[in-house]
Amino acid sequence: MIRNYFIVSIRNLLKKKTYSIINIIGLSIGIICSILISLWIFDELSFDKFHPKSNRLYQVMVQSEFDNTINTWRSVPLPTYEAIKDAHSNIANSAVASWYGDHLLVVGEKRLFLQGYYVSEEFLTMFEFPLKYGNPTDVLDDASSIVITEETARKFFEDEDPINQVIRIDDLGDCKVTGILEDIPKNSSFEFDYLISWKHRRSVNPWVVDNEDNWGNYSFQVFVELTDPMQLDAVNEAIRPMLIEHGEEGDLESELFLYPLLRWWLYFSFENGQEKGGMIDFVKMFSLIAIFILIIACINFMNLATARSESRAREVGIRKSIGSKRKDLVFQFLSESILISFLAYIIAILITLLILPFYNNLVEKSLFINFTSLEFWGFSILMILITGLLAGSYPAFYLSSFKPVRVLKGKLQEGKQASLPRKILVILQFGFSILLIMGTIVIYNQIQLVKNRELGYNQNNLIAVERNEELEKNYQVLKNELLQSGVVEGVTVSNSPITQINSNNFLGWPGKPEELRVLFTTITTEYDYAHTMGIKILHGRDFSPDFPSDSSAILINKAALDLMNLEDPIGTELDLWGEKRTLIGVLDNVLMGSPYMEVKPLFAIIDDWDGYITIRLKETKDISTSLNLVKGLFEKYNSAYPFEYSFADIEFDKKFKSINMTSNLSNIFATLAIVITGLGIFGLAAYTAEQRTKEIGIRKVMGASVFNIVRLMTSDFSRLVIISYIISAPISWWLLNLYLERYPIHTKISFWIFLGTGVFALTFAILIVTSQTLKAAHANPVNSLRSE
């Protein structure tokens, strides 16, 4: 019986090649989209799950109420590391870590800037990154220990044994390789090339030792391992008041809580003390897109199968008259749809393998299909069955419902009822397509809005170089020579580059309500900050060496001035860290943080913190010559380090990584959804024109023009598109507004988007239907009416 079903299915596929090709192509495109999106989704959902203790690991985080909201951040005071171990019996261990960033590692003549962390000895026993050489319990015990990844070992030592080899760090001290980590998985929230013992940081940086009893400096990351994750609430209750109990600075009522490792990647955003979302928003969005596209492809199959019901009706009648039961016919038709789904899936897999490198480049991942995985084969079987059953269920039950007496007499179901389900499916299909088109336009507009925001500074020819001890020591002479070089317009230092916020602090001003607490973006700098950055001074002046008193002066931005509501700001004394600072200038608002957020209040003071040297190059057509001259001066005064720099405009563009990916993928999948929809309309239009050939012939004999026939044929489809638009437009508006609400700075959904999308969908459908109708309209009516 199954063999018979298979043979009949193959015959039907070969008999109607055009419709079979349309069905297979449509389903293949839908499955390709689903596979590509599923690969990305599975990768996102797999983050950090490779840790054996992943469900028992947490980060200690802080919540504090100020700025009229509950703020959440990930850095805590250093004493938390030891104090939390005794806070509750369910806390098995704790570790402290500090991001070390890009630093110079030297072995012989090889000098590389690599990223790493300072971590305490408990770190590797908790997170259990696989060690190829070394014991996690003692590999970081020694103050000179460094653990490197296999890739780092290959870069420095090639085929040599790296264990006990010496690596010089920042030309300041040596560390001995005590362990080799397997390369860090791509789906890890931690990304690093090496780990250095926390004891080493204590030995080379007195600031760390000074902060071991300081509960007011939130600069460290602390992680906790629980014995039983079910007791999380009890542990949170125990650690919540720890900051207040240990005399946290000021009168802030800050609280500690533990945040699970398995939520770090997907739910990294907080708003008013609650999870706001993160990558999970994109996971949900693309899951819906995959479902929409697969449904659109399945609708094509349903519509074409039911539209061609007349050609299968006699077969159904004969089968029923010789004893076939309805369930046998249902099984027959479902077998055909599953066969088509299987063929489409095979084609989809082959095409996916071809385009996967380009897709990986687009999403910046290393996705692959693991053919040896049971999950893959389970997913494949499930995808084939779901697609086959979804696409074939309605046609199977519809075709098997025919009465043998009626169909053998040549009478099928009459009236509008027979075509109503097809019309509903077409409306649904176009509805999904309209939603995807509108979503693509709105995301594009959102990107353009934030990219074209007023920056408040001049990005052109602005480069930043991270400062080290040599550059700190030689800064003034280096600055003078840069300014005298003829290619540099301005030079300054600051604790953060212009595209980043590295510090926040509280500030007091005359008339500030006692209960109001506002964090200010904090810039520590020297002279010429506003001049070098290209920031407009709205009131007063910039820091200047002509005013020795500027060491106790302060600048604020327009957002801070608006908050303080000072009528005559210049000369006002502000309170910072228990000292008075004289306000000498008001800067224009500068977009340093997220481009989707309002600019925060800011102040700048003269102080010498670790940070960056920012250089503004003069306008030139030969930027490489200018950079080479600057490079030569840096190598003169910082010979131990290679010259590494970043352009402000390139760093700013990196802020759009996620939304750019969303836009690119939305464009691709929306286009493919339109192609699938177009294939379905093409097939339906072709079949409709074929079925109405005699009607068209009679109309032509009676004097109808080609235009009249085209208008007649397109009117049915046009009505369906218009109905689909009327239903989907408000739903699209609601869903897209929900998406935009995650951005404080967001675009508005303009009327022209609705109008343009509707016109495009209608025009698209009319053009496809017209292309098929014209063939029938231009045909000689004699040929179609010869048998009458």
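Trainee: Is Glu275 buried, partly exposed or exposed?

Mentor: Glu275 counts as partly exposed, because its relative accessible area is 31%. Please keep in mind that this is a predicted model.

Trainee: Which residue forms a salt bridge with Glu275?

Mentor: Arg263 does, and the closest N and O atoms of the two are 2.8 Å apart. The pair links distant parts of the chain, 12 residues apart: Arg263 lies in the loop between β11 (255-260) and β12 (269-271), while Glu275 belongs to strand β13 (residues 274-277). Arg263 has a relative accessible area of 29%, so Arg263 is partly exposed.

Trainee: How many salt bridges are there in the whole structure?

Mentor: A search of the whole structure gives 27 salt bridges. One of these joins the side chains of Lys365 and Asp43, with an N to O distance of 2.6 Å. That pair also links distant parts of the chain, being 322 residues apart: Lys365 is in the loop between α12 and α13 (374-399), and Asp43 is in helix α2 (residues 17-45).

Trainee: And are Lys365 and Asp43 buried or exposed?

Mentor: Lys365 counts as buried because its relative accessibility is 16%. Asp43 counts as buried too, because its value is 18%. The cut-off that matters here is 20%, since buried means under that relative accessible area.

Trainee: Which residues are linked with Lys365 in a network of salt bridges?

Mentor: The network of salt bridges links Lys365 with Asp43 and Glu44.

Trainee: What about Asp575, which side chain does it meet in a salt bridge?

Mentor: Asp575 meets the side chain of Lys580, at 2.5 Å from N to O. Asp575 has 33% relative accessibility and therefore counts as partly exposed. Lys580 has 48% and is therefore also classed as partly exposed.

Trainee: New topic: which residues make the nonpolar surface patch?

Mentor: The patch consists of Phe342, Leu343, Ile346, Leu350, Leu353, Phe371 and Trp377, and its area is about 630 Å². Helix α12 (residues 326-363) supplies the largest share, namely five residues.

Trainee: Where is Leu353 found, and why does it count as partly exposed?

Mentor: Leu353 is found in helix α12. Leu353 counts as partly exposed because its relative accessibility is 38%.

Trainee: On to helix α8, then. Which of its residues are buried?

Mentor: In helix α8 (residues 232-239), the buried residues are Leu232, Val235, Asn236 and Ile239. They cover an arc of only 100° around the axis, and therefore they are on the same side of α8.

Trainee: Why would residues three or four places apart point the same way?

Mentor: An α-helix has 3.6 residues a turn, so residues with that spacing point the same way.

Trainee: What is exposed on the other side of α8, and what covers the buried residues?

Mentor: Asp233 and Glu237 are exposed on the other side of α8. The cover over the buried residues includes β1 (57-66), β3 (91-107), β10 (221-226), α9 (242-245) and β11.

Trainee: Last one: where does Ser496 lie, and is it buried or exposed?

Mentor: Ser496 lies in the loop between β15 (488-494) and β16 (504-506). Ser496 counts as buried because its relative accessibility is 1%.

Trainee: Which backbone oxygen does its side chain reach, and what does Ser496 touch?

Mentor: The side chain of Ser496 reaches the backbone oxygen of Gln500, at 3.2 Å. Leaving aside residues up to four places away in sequence, Ser496 touches Ile501, Asn502, Ile523, Met592 and Tyr612.

Technical notes: Residues numbered from 1 in each chain as written. Predicted model: local features only at pLDDT ≥ 70, side-chain atom pairs only at ≥ 80, totals over all residues. Heavy atoms only, no water. Patch = residues over 30% accessible without salt bridge, like charges linked within 9 Å, V, L, I, M, F, W, Y side chains within 5 Å. Areas by Shrake-Rupley, 256 points an atom, 1.4 Å probe, with all protein chains shown as cover. Salt bridge = Lys/Arg side-chain N within 4 Å of Asp/Glu carboxyl O. Helix = DSSP H or I, 4+ residues; strand = E, 2+ residues; numbered from the N terminus. Buried < 20%, exposed > 50% of the residue type's maximum accessible area, 1.4 Å probe, protein only. Polar contact = N/O pair within 3.5 Å; in protein donor to acceptor, adjacent residues only side chain to side chain. Contact = heavy atoms within 4.5 Å. Arc of directions from axis to C-beta.
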